[in-house]
Amino acid sequence: MIVVIDGPAGSGKSSTAKAVAAQLQIQFLDSGALYRVATLIYLNSQKDYPTFFDQLEETEISFYFKEKKFHAFIDGRDVSDEIRSMEVSENVSEVASNPRVRTFINELMREAVKHDVYIADGRDLGTAVFPDADLKFFMIADLETRAERRYREVKESDMNVTLDEVKQNITERDDRDSNRSSDPLKKADDAIEVDTSTMMFEEQVAFISNKIEELISSQNKT
C-alpha cells in the first residue's frame, strides 16, 4: 500500500509524512531527499553531466527511516545532513527536472515500496510515479509560511543562509517545478488538498492519519 503527499517546497509535506509514519508505524519514503542525493552526486562530479550519469549508475544509494528521520547514504556514507545544504537546494530543481534522473529515482522508489505500507512525499508522486496510489494528498501553504519552515530546516546545516535567500530559492523552485516539461508539479485530480498555512502541525498529522486509518479499516472489511 502506498500513500502519497505532493506539494511545493516548504508546504510541510515531508515533516508531516514523517510524523504520520511514526504515529501509524508505517514506512516513510522521502522522494525529495533522494533527488537531493542525486544532486549531491551531481555537485561532486563538478556539474559534468556525462561524469554525473556514470557516477549515478555506479553509486549505491541506500536509505531507511528511523526515529522520525530519513537517513540517506551514498556508498555507505551517511549524507543525511549534507543533502540539506543551501548549495544542494540551489541545484536540486535542475537535477530533478532531468528526465534521465527522474527515471532513475522513480525506479528506485517503485522498487522500495513493493512490500509493506508506505507514505511518501514529493512533487509528482500522485501524477507520475504512483498514479494508482491508494490515497493522495496535495499540501499547500503561502510563501511566507513555507519560507519560514525551510529557513529553520536549512539553518541546521548552513548557518550563513538568510531568510530572503530561502524565500528567493523557493520562488524560483516553484516556477521551475511547475513549468518543467518532465512531470511538472501539479495536483492529481483525485488528491485531497490540505492547506497548512493556518493549521497546527498536530492537526495536519491527525487529519492525514485519520484518512489512512479509515482506508485501512475499509480495506480490511472487504
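Guide: Start with helices. A helix here is a DSSP run of H or I, at least four residues, numbered from the N terminus. Keep in mind that this is a predicted model.

Visitor: What is the place of Glu87?

Guide: Glu87 sits in helix α4.

Visitor: Why is Glu87 called partly exposed?

Guide: Buried means under 20% relative accessible area, and exposed means over 50%. Glu87 has 47%. That value falls in between, so Glu87 counts as partly exposed.

Visitor: What makes the negative surface patch?

Guide: Glu87, Glu90, Asp164, Glu165, Glu172 and Asp175 form it. Helix α8 gives the most, with 4 residues.

Visitor: Why is the pair Glu111 and Lys114 called a salt bridge?

Guide: The cut-off is 4 Å between a side-chain nitrogen of Lys or Arg and a carboxyl oxygen of Asp or Glu. For Glu111 and Lys114, the closest N and O atoms are 3.0 Å apart. That is within 4 Å, so the pair qualifies. In general, side chains of opposite charge can pair when their charged atoms come close.

Visitor: Are Glu111 and Lys114 buried, partly exposed or exposed?

Guide: Glu111 has 48% relative accessibility, so Glu111 counts as partly exposed. Lys114 has 55%, which is over 50%, so Lys114 is exposed.

Visitor: How many salt bridges does the structure hold?

Guide: It holds 12 salt bridges. Another one joins Lys136 and Asp190, at 3.1 Å from N to O.

Visitor: Why does the pair Lys136 and Asp190 tie parts together?

Guide: Lys136 lies in strand β7, while Asp190 is in the loop between α8 and β8. These parts are 54 residues apart in sequence, so the pair ties them together.

Visitor: How do you know that Lys136 is buried?

Guide: Its relative accessible area is 6%. That is under 20%, so Lys136 is buried.

Visitor: What about Lys167 and Glu144?

Guide: They form a salt bridge too, with the closest N and O atoms 2.7 Å apart. Lys167 is in helix α8 and Glu144 in helix α7, 23 residues apart. At 45% relative accessibility, Glu144 is partly exposed.

Visitor: Why is Ser14 called buried?

Guide: Ser14 has a relative accessible area of 17%, which is under 20%, so the label is buried. Ser14 lies in helix α1. Beyond residues up to four places away in sequence, Ser14 touches Phe28, Asp30 and Asp121.

Technical notes
Residues numbered from 1 in each chain as written. Predicted model: local features only at pLDDT ≥ 70, side-chain atom pairs only at ≥ 80, totals over all residues. Heavy atoms only, no water. Buried < 20%, exposed > 50% of the residue type's maximum accessible area, 1.4 Å probe, protein only. Helix = DSSP H or I, 4+ residues; strand = E, 2+ residues; numbered from the N terminus. Patch = residues over 30% accessible without salt bridge, like charges linked within 9 Å, V, L, I, M, F, W, Y side chains within 5 Å. Areas by Shrake-Rupley, 256 points an atom, 1.4 Å probe, with all protein chains shown as cover. Lys, Arg positive; Asp, Glu negative; His and termini not counted. Charge placed at Lys NZ, Arg CZ, Asp CG, Glu CD. Contact = heavy atoms within 4.5 Å.
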